[in-house]
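Subject: Structure for you, with notes

Hi,

Here is the structure we talked about. Please load it before reading on.

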Amino acid sequence: MSYIAKPSAHHPALPKNSLGLTRRDYEGTMSTLCAGCGHDSITAALIEACFEMDLPAHRIAKVSGIGCSSKAPTYFLSRSHGFNSVHGRMPSVTTGAAIANRDLVYIGVSGDGDTASIGLGQFCHAVRRRVNMTYIVMNNGCYGLTKGQFSATNDKTSPSKKGEANPFDAIDLAQMAIQLGAGFVARSFSGDKTQLIPLIKAAISYNGFAFLDVVSPCVTFNNHPTSTKSYDYVRAHNMASENKLDYVEPKEEITVDYAEGTSAAIAMHDGSRLILHKLGQQHDPRDPDAAIVAIRSNAAKGAVATGLLYINEQQQDMHDILATDARPLNALPMSELCPGSKALQGINARLS
Amino acid sequence: MSGINDFVAKFATVNGSGSASANTIFAKTLFRMGIPVSPKNIFPSNIQGLPTWYEVRVSEAGYLARRDGIDLMVAMNPQTFKEDLAEVVPGGWLFYDSTMPRIWPRDDITVLGVPIAEMCAAKWSDTRQRQLFKNMVYVGALTALLDIDLEVLKGAVGDQLKGKEKLVAANMEAVALGREYALKHFDCPLPIKVRHAEGAKGKILVTGNEAAGLGAVYAGATVCAWYPITPSTSLAEGFEKHARRLRTTKEGRKLYGIVQAEDELAAIGVAIGGGWNGARSFTATSGPGISLMSEFLGLAYFAEVPVVLYNIQRGGPSTGMPTRTQQSDIISCAYASHGDTKHVLLFPKDPTECFSMGAQAFDLAERLQTPIIVMSDLDIGMNDWVTDAFTWDDKHVHDRGKVLTAEELDKFKELKGKDWGRYQDIDGDAVPYRTLPGTHPTKGAFFTRGTSHDENARYTEDGRIHARVLDRIRRKFDTAATLVPKPEITIRDKGGKTGLIYFGANTPAVHEALDALERDGIKVNALRIKAFPFTREIVSFCAMHERVFVVEQNRDAQMRSLLMTEANIPGEKLIPALSYDGTPMTAAFVRGAVTREVRPAQAAAE
């Protein structure tokens, strides 16, 4: 039995957001993942991001596939509807849900097995269709639930816990997402809350397909000293300093004074802004080719380029492309959907 | 038996030569003369170059099943001359392009040679025109040979070429060319000919796929996802065609969303996502797609998500015969997916039912919160049928099922006396109440999952709860049996002991066969299955009869198996009558199957 409800009692002085909700209102049931699992940190970051953004939880839909990562949506936002679908098929289910109701916020949660192996095709086509969603991969380089087999994102240089070599090259999902035309591509680390929370917020505000690859160590099967997806390795090789990111709510004033040339403000559809502090080597996240170079050149050095890798603020989303009505399709009255008997007479006449 | 308004003409042509359009014009012209016709397109899985046939049965009596024995063969394809010649009945006619004269080794038929290529070469200089107009030249010759009303033909040509008026005139020139030649060289009309009739008056000529697509529009479907596969593709295209015209706002916004998915897995995934989110959603596929969609169908069954799936069946197994028809997915659809699953199936008999069962399918899907599979096939889906005009009752209220609003969630306990839980059987019909994402700030959220869950949608590994939930879902099938369309029963012999069960595209063949059997003195009572689960009427029909033929198009008597398993009908009572060569069933086949059993001596003599 792995359903554990959290007690509803909480401290009366917990801080509230503008909706009068506390962080507890954004939580889910107790996690049943291993203690120290990176996925739980991502869950915590998601809770924090939604709380700080004052999002009404019931206007969010969480969709996942199968695997440790895909279990995670039960551990946050218990006031949101969730859909734990079948292995590798989260993208199609989210696509259908998003077509049906364009007004909800869609958070797709997947893993590296779920996305880079069984679901690779669906991932590609969700990007291509510009589904308006935040697609998070909790990436630990291995299959946890089936006890530690390599996944397709595990680095070739990264052996298993038992020392078995990984013979195949890794699939880099962030590079793929950029090549397939995702409008928002970021990479982060479950252990880097300061970077992860603003990235989640930015991904949620982004109107279109936002991809977030989060390296999330598997404490049980892929956190040994030789693993490139371990806490120690990622901490030592995280190139997060290239771009530091702040997320500014639509209602907030920009109070910090950013010196010319060291920062850039990116306006989002909903009026929020992303402030990029350009430190160290310069990377323009509006340039997809530069983003791929940044990922590849860091990877060649054994480093992980994190932060906002690519953004295209002008991109159309799926509903723009499909030219669907501004109202959610699932709320249209039958009187507008069913043409009635009179129209049918004309159709019969044409067929006779 | 052939004669005026009663014959079969067959056109043997080459795929991609433009003959399809000429053949359609031919059939449409006869239909518009009021004559019941049943064109069958027998085509290869190919775009250009392989043999293709178009069979048109003409029957003033309204018998629209395919009939063996060709009265008039229009042999335009040298690749198939030999087999085309063999198919002509003694006393029949063979029409061909005699530009290259040929000896036909049969003296029991009349050969009609028209130097079509030569005539076209003399008339047109453009090679493409020479090729395309050949088809209209043979249609022109047929107007003389069969006494076809030229004005009606002109109307049909005009319809086919709407917006290309110049082409209409050119096509009619080709028609005149063929017609004049035939009038000059042959004794026109032939004894098989047509005349204006009443049988097709008030009917429409349409394919089942277009009808089903239109039905989904009327059902209020807003999410359609599909992957191209013969013979289902034209269903999604039909939906889009009609939705674009009927469901686009003045501002050009669409009141529907269509996704051509990357594969069948994604197609059903999108449809399930849409159904979960409260939009009427569907996909269309054929056998191979059903295999691919099975995992998702199990999810929708167990997580109780409404979705409609049209299965336009084709010849299996495997890739099988993609352009031929069969009814061989009955078992795979009834039990699609691993574990204990069972799905509601609907069996339309013609395009009219493809339309009407559409709205019914979506009502059932939302009422029962489960996948509904509409079992059409290539014959119904892709061939033009003379069928009853579509009707729609404006008073019909679409049944959106048990979906709670925010107010109903607030008052749920007050109204129902119990707390809401996603999978609680509140009403005793085994159908729980569902909520849609975004409905209420604090109530009604739940986690939809394919893993085992309790009545409140919480994950469980408790075997007792798992069994309890499975039992309730099974009971939902009993509710389904009270809602699905009841069978159509025709009693020809009150108290008679011989019955026959049929369904779907076999309907015209069965009706014709039963008439023929009755003329032979064999009266057979009949029942047409319209849906699975089987209703009481089916059980009592079987109980009333000592032997019951089950007519179907598959090798393994799948409907018979389903009747034995699900309705407890003893197998020894159910006599299979099985045709599975991929061609639509004939009345002769059904008559033969019954006669062999009922009057073995007569059957042997025949």
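Below are the notes on this model.

This is a predicted model: local features need pLDDT of at least 70, side-chain atom pairs count only at pLDDT 80 or more, and totals for chains, interfaces and linings use all residues. Residues are numbered from 1 along each chain as its sequence is written, and chains are lettered from A, ligands numbered from 1, in the order in which they are written.

Chain A
Chain A has 12 helices and 12 strands (DSSP runs, H or I of at least four residues and E of at least two, numbered from the N terminus). Its radius of gyration is 21 Å, close to the 20 Å from the globule rule for 352 residues, so chain A is as compact as a globular protein of that length. The radius is taken over C-alpha atoms; the rule is 2.2 Å times the number of residues to the power 0.38. Along the principal axes, the C-alpha atoms fill a box of roughly 75 × 50 × 50 Å.

The A–B contact
Chain B puts in 63 residues and chain A 52 (contact: C-beta atoms, placed from the backbone, within 7 Å). Helix 9 of chain B gives the most to its side, with nine residues. Strand 2 of chain A (residues 81–84) runs parallel to strand 15 of chain B, joined by three bridges. Pairing needs at least two DSSP bridges. A:Gly82 has B:Phe447 as its bridge partner there.

B:Gly215
This residue sits in helix 7 of chain B (residues 208–218). B:Gln360 is 145 residues away in sequence, yet 9.3 Å away in space, C-alpha to C-alpha.

Best wishes

Key: Two residues are in contact if their C-beta atoms, placed from the backbone, lie within 7 Å.
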